[in-house]
Amino acid sequence: EFRAANVRRAGDEDFYREMLRLFCAQRKEKRAEIISLYEAANWTDYAVKVHALKSTSLTIGAEELSAQAKALEMAGKSGDVEYIHENHAALLRMYEEICESIAGL
């Protein structure tokens, strides 16, 4: 579940909302890249893309998505293809759900 960070000042809130907007605006492109690399079994580049998702997710406070992305990044780096196959769809689903939650803010 995504919870918006506690923002204290109006300027900070505007900046945070813009970060959330950008996070979701990039979703279609980022998902497509992750899916393409998954389908190509390019685990090295897959790890790079989920690393990026890990970082941006953490920046907006989506800690669970960030943790899932980190686990998939580590699996990609170590060649744990079984873990990737078992958790890839859940990562994409959570990414969608978070952006749906953000759209409702």
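Begin by selecting residues 81-103, which form helix α5: this helix of 23 residues reaches 33 Å from its first C-alpha to its last, close to the 33 Å expected at 1.5 Å a residue. Keep in mind throughout that you are looking at a predicted model. Now center the view on Asn87, where α5 bends by about 40 degrees.

Next, show the side chains of α5 and ask which of its residues are buried. They are Ile84, Asn87, His88, Leu91, Leu92, Met94, Tyr95, Ile98, Cys99 and Ile102. As you look along them, recall that an α-helix has 3.6 residues a turn, so residues three or four places apart point the same way.

From here, turn to the largest nonpolar core, which has 26 residues, and select Phe23, Tyr46, Leu53, Ile60 and Leu65, the ones with the most contacts inside it. At least two residues of this core come from each of α1 (10-25), α2 (27-39), α3 (43-60), α4 (63-78) and α5, and α5 gives the most, with 8 residues. Stay with Tyr46 for a moment: leaving aside residues up to four places away in sequence, Tyr46 touches Ile34, Leu37, Tyr38, Leu72, Ile84 and His88.

For the last stop, select α2 together with α5, whose axes lie 12 Å apart and which pack at an angle of about 175 degrees. Because angles over 145 degrees count as roughly antiparallel, α2 and α5 are therefore roughly antiparallel to each other. Where they meet, α2 brings residues including Arg27, Ile34 and Tyr38, while those from α5 include Ile84, His88, Tyr95 and Glu100.

How values were computed
Residues are numbered from 1 along each chain as its sequence is written. This is a predicted model: local features need pLDDT of at least 70, side-chain atom pairs count only at pLDDT 80 or more; totals for chains, interfaces and linings use all residues. Side-chain values use heavy atoms; hydrogens and water are left out. Helices (H or I, at least four residues) and strands (E, at least two) are DSSP runs, numbered from the N terminus. The expected span of a helix is 1.5 Å times one less than its number of residues. The bend at a residue is the angle between axes fitted to the seven residues ending there and the seven starting there. Buried means under 20% relative accessible area, exposed over 50%, partly exposed in between (1.4 Å probe, protein chains only). A nonpolar core is a set of buried Ala, Val, Leu, Ile, Met, Phe, Trp, Tyr and Cys residues joined through side-chain atoms within 4.5 Å. Contact means heavy atoms within 4.5 Å. Axes are lines fitted to C-alpha atoms, for helices over the stretch in contact, and angles run from 0 to 180 degrees between N-to-C directions. Angles under 35 degrees count as roughly parallel, over 145 as roughly antiparallel, 65 to 115 as roughly perpendicular and the rest as oblique.
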